[in-house]
2 protein chains.
Amino acid sequence: MSVAADMEVMARKAKEASRAMAAASGAAKDAFLARLAELLETRREGVLAANAADLEKARAAGLDAPRLDRLTLTPAVMDGMAKACREIIALPDPVGAIESMRPRPNGLLVGRMRVPLGVICMIYESRPNVTIDAAILCLKAGNAVILKGGSEALASNLALAGLLREALETSDLPADAAQLVPTADRAAVAALCKLDELIDVMIPRGGEGLIRAVVSQATMPVLKHYKGVCHAYIDSGADEARAETIVVNAKAQRPGVCNALECLLVHADAAPTFLPRIGDALRRAGVTMRACPRAQPLLGEGAGPAAPEDFGHEFHDLILAVKVVDSLNEALTHIHRYGSGHTEVILTENHDRAMDFLRRADASMVGVNCSTRFNDGGELGLGAEIGISTSKLHSYGPMGLVELTSAKFVVLGQGQVRG
Amino acid sequence: MSVAADMEVMARKAKEASRAMAAASGAAKDAFLARLAELLETRREGVLAANAADLEKARAAGLDAPRLDRLTLTPAVMDGMAKACREIIALPDPVGAIESMRPRPNGLLVGRMRVPLGVICMIYESRPNVTIDAAILCLKAGNAVILKGGSEALASNLALAGLLREALETSDLPADAAQLVPTADRAAVAALCKLDELIDVMIPRGGEGLIRAVVSQATMPVLKHYKGVCHAYIDSGADEARAETIVVNAKAQRPGVCNALECLLVHADAAPTFLPRIGDALRRAGVTMRACPRAQPLLGEGAGPAAPEDFGHEFHDLILAVKVVDSLNEALTHIHRYGSGHTEVILTENHDRAMDFLRRADASMVGVNCSTRFNDGGELGLGAEIGISTSKLHSYGPMGLVELTSAKFVVLGQGQVRG
C-alpha cells in the first residue's frame, strides 16, 4: 500500500476515535492520564533502550551536539513527562462547558458549548518528549491526535506511542485516538496535508522551514508561529531602573526562546541617560549590541553598528538590536514593519501612552511594564500550552486546553419555528 | 504589470490601511456607515446604470434566469443595503473590548482584548449587494477588506466600491480599507491566495466549486462552509403535533437555503404513527419524499424509494430523504456519516436523550425541539452575519462582527520580570 493510502487509513481511524473521545467524560480522560503517568514511571526501560538506538544511529549519521541533546531521553525527562500528565489532570475539562445561555425574544435559549476540534495532526522535530506533551493536551481536550515526529527519533517515539496506546486501552478509550506515523518517509506529511475531510487542523512545531512546508501544502487550517521578533519600547520619562531590570531579563534570562527580546527601541528623550546605563548592564550580562547611528555612541563599548538585516531578526542568542525613535508612533511603525506578531512591550510611566500602545501594537501579547518573557501559557494562567500562535485566526498567543477546542451553538426550544 | 503584481500592490495598501482601521474609534466607523447609507440612497442612478450594463452583457452571454435575477439591482435592493448600514451602526463595536482581566500570583493583570483580524479577502459570486453587505461588517470590525466579485457583476461592483471609497474618505478613514479587484481575470484569485504575509483570511462565498478552489490554493486560513445537509431526529415518544410543525417549517419554509432540512430520521417506535402523519403534511406542503424501505410504505403516496446518494445530499428543493432508525445511537451514526456539520436537531420529550444529542451531535448548531432554520446570525442574536462556518477552527456557525475579530493577550505590569 502507498504511504498516501496508509495515511488515509490512519486518519479514518482517528476520525472514528474522535467521536468516542468527544463523548468521553472528564473522569475517563483523567484516568487515562493517571495510567499513562504510571507507565512512564514503571516502563521506562523500553523507551530508554529505543532512545539509545536512535542516539546511536544519529551519532553515526553525524548529528551535531545540540540536536543530539534534544534527542536524548533521560530518567529526568521521563519524570517530566509523568509530571506533565498529572498537571493536566488538575486542569478543568473544557469540553461540554456552556459559556452563556441567553433567551431570544421567541423563548429559544441560545448558548455556545465547548466541543473538541476533532482530529489534530502534530508535526514536530527531534525532541521525543513532544510525543507525550502534545498528545496529552490534545486528548484531554477530547480530540484524537496523529503524531508525526522527526525521523531521527522514530524508535523513541514508537516506544512512547506504545505507552499512549496501552494507557488509552486500559482506560476504555479508543487506542486509535493517539496514533504515531510509523515511517520516516517525507511523503507522509504531504499526504496528511491533503486529508482535510478527516483532519481538522495541523499543528507544526519546529523550524521555519518545516512550518512553511506544512502551510504551503495543507488544505486544512494550520496553527503556527514562524518566529518571535519581540520589541521593548522605552518611553520618554520611563523609570530607568525598572526598564533596565526588564530589558536585561527579557534579553538575557533565556535568549534561545521565542519570547526573548530581540530589539530595543528608545525614545530620543530617554536615550542620553538610558542608553549608557543599559549598555553597561547588557555588557555585564554578556550581550552584544547592534545599534543605529544615534544609539551606538551612547551605548559604549560592546555596541557595533546595526546592519539593515539586524532589524526584524530573531537572534536566538545574546545579541540585541537597538534603535532610537522620536515618538510612540515611530516605535509602532517600526514594530509593524519588523515585528512578527509575537510579543511587544512598552516601558512607561504615562497612562495614556500605555493605553495607546496596548491598543495599537499588533501582537499576540502586548505588555506594559513587564518582561516579554511572560508570553507563555503557564505564565499567563492557561496551564500547559501546545505552542504560541502568531496568526489571528482561531487562536492568538499561547494555546492551552481551551484553544484545542471550538464552540458550537446549542439551542433549546419548546417547539419554535421560523416565521 | 502582471495581475499577480497588481494583487500584491493592492494587498500592501490594504495592510497599511488595516493599521488605521484597527486604531479607528467606533464613532468614526459609524460615521462612515451613516455616510455610506446616504450615498446608497442619493447616488443610486450611477449604480443602477452600471448594473443595467452588466445585465445587458449577461443576457447577451445567455445567463439563465436565476443568475440574471441574482445579478439584478433594484431601488428596493439598494434600500436594503442602506438599511443594512444603519443596522450595523446599532451593533456595539467589538474592537478594544477586554473580556476578562485577572491577576496572576505575581501581580500581573492578564486579559484578552478584541482586535481586528487585519486584512480580509472576500471572494463571492454574482449577487452584487454582497459587495456592500460584506464590506460593512468587515470594516465595522476594524478590518481592511479586499473584494473579488463575480465577473458578470464587475461594473455594478465597481460602482458600489466607488461609494465605499467615497464614504471612507469623507469620514477620515483610509479609502484603501475597501478595495475591489478591478478585473475578471481568474489569475487574480490564485495570486491573492498566495499573499499570506499580507492577507489574514480568505472568506469565499458561493458554490462548492469556488470554495474548494480557494481552499486548495490558499496558504492563509479560509473561513467557509461547503453545504448544509441538516437532519431532524424524531425520538421515540416525541410530541407528534409539534414535530410535524417543526419538520414542515424546516423543510418547506425556504427550501433553497443552507439551514433547510434535508433528511428526516424517525425512531422505529414513532414510525407507525408519525410517518403517515408527516407524509400527509409534507405532501400538502408540496414536498416529495425519498424514503428507506421501512419508511416508504408508511409515508403514503408521494414517497418514492431513496437511492443511496439521497442521504448526505443537499437538495435545495422541496425534496426530503426519510429513514427509520432503531436508536439515538443509530441516528447519531447516520448524522456523523452523512451530515455536513451545519445544523442537527432532535425532537424529543426526554431530557436525558435531549442532553445526549446536544453533546454528541457534531454540527455548528445543535437544537432541541426547534426548527433547523434558526441557524442564522440574526436568529441566534449575533446581528448581521457574513456567512456560516462549518469548520471548527476560529469560528463555528454564523459569523457576525465578533467572529471577524481575534483576541490578543494584554498584560499590565509594574516592573515584573521572569525568575
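The model is predicted, so local features need pLDDT of at least 70 and side-chain atom pairs count only at pLDDT 80 or more, while totals for chains, interfaces and linings use all residues. Residues are numbered from 1 along each chain as its sequence is written, chains are lettered from A and ligands numbered from 1 in the order in which they are written, and side-chain values use heavy atoms, with hydrogens and water left out.

**How the two chains are related**

- A rotation of 180° with 0.0 Å of shift along its axis places chain B on chain A, with an RMSD of 0.0 Å (copies are superposed by least squares on the C-alpha atoms of residues with pLDDT of at least 70 in both).
- That is the relation of a two-fold axis.
- In chain B, the C-alpha nearest this axis belongs to His394(B), at 1.7 Å from it.
- The copies meet through the same surface, because 100% of the interface residues of chain B are also interface residues in chain A.

**The size of the interface**

- The size of an interface is often given as the accessible area lost when the parts come together.
- Here, chain B and chain A bury about 6200 Å² between them, with 54% of it on carbon and sulfur atoms (buried area is the accessible area, taken with a 1.4 Å probe, that two parts lose on being put together, summed over both).
- On the side of chain B, Arg359(B), Leu393(B) and Arg418(B) lose the most area to chain A, together 14% of what that side buries.
- The contact draws 77 residues from chain B and 77 residues from chain A, where contact means heavy atoms within 4.5 Å.

**What holds the eye at the interface**

- Nine salt bridges are counted between chain B and chain A (a side-chain nitrogen of Lys or Arg within 4 Å of a carboxyl oxygen of Asp or Glu).
- One of them joins Glu379(A) to Arg418(B), whose closest N and O atoms are 3.4 Å apart.
- β16(B) gives the most to the side of chain B that touches chain A, with eleven residues (helices, H or I of at least four residues, and strands, E of at least two, are DSSP runs numbered from the N terminus).
- The residues on that side of chain B divide into 37 nonpolar, 22 polar and 18 charged (Ala, Val, Leu, Ile, Met, Phe, Trp, Tyr, Cys and Pro count as nonpolar, Asp, Glu, Lys and Arg as charged, and the others, Gly among them, as polar).
- Strand β13 of chain A (residues 365–370) runs parallel to β16(B), and five bridges join them (two strands pair if DSSP finds at least two bridges between them).
- Gly367(A) has Val411(B) as its bridge partner in β16(B).

**Inside chain A**

- Ala159(A) sits in helix α7 (residues 154–169).
- Leaving aside neighbours within four places in sequence, Ala159(A) is in contact with Gly46(A), Val47(A) and Ala50(A).
- Ala159(A) and Ala50(A) are 109 residues apart along the chain, yet their C-alpha atoms are separated by 6.7 Å.
- Glu38(A) forms a salt bridge with Arg35(A), with the closest N and O atoms 2.9 Å apart.
- Both Glu38(A) and Arg35(A) lie in helix α2 (residues 26–42), three residues apart, about one turn of the helix.

**Inside chain B**

- Ala268(B) lies in the loop between β8 (261–267) and α11 (271–284).
- Not counting residues up to four places away in sequence, Ala268(B) touches Arg294(B), Val324(B), Val325(B) and Asp326(B).
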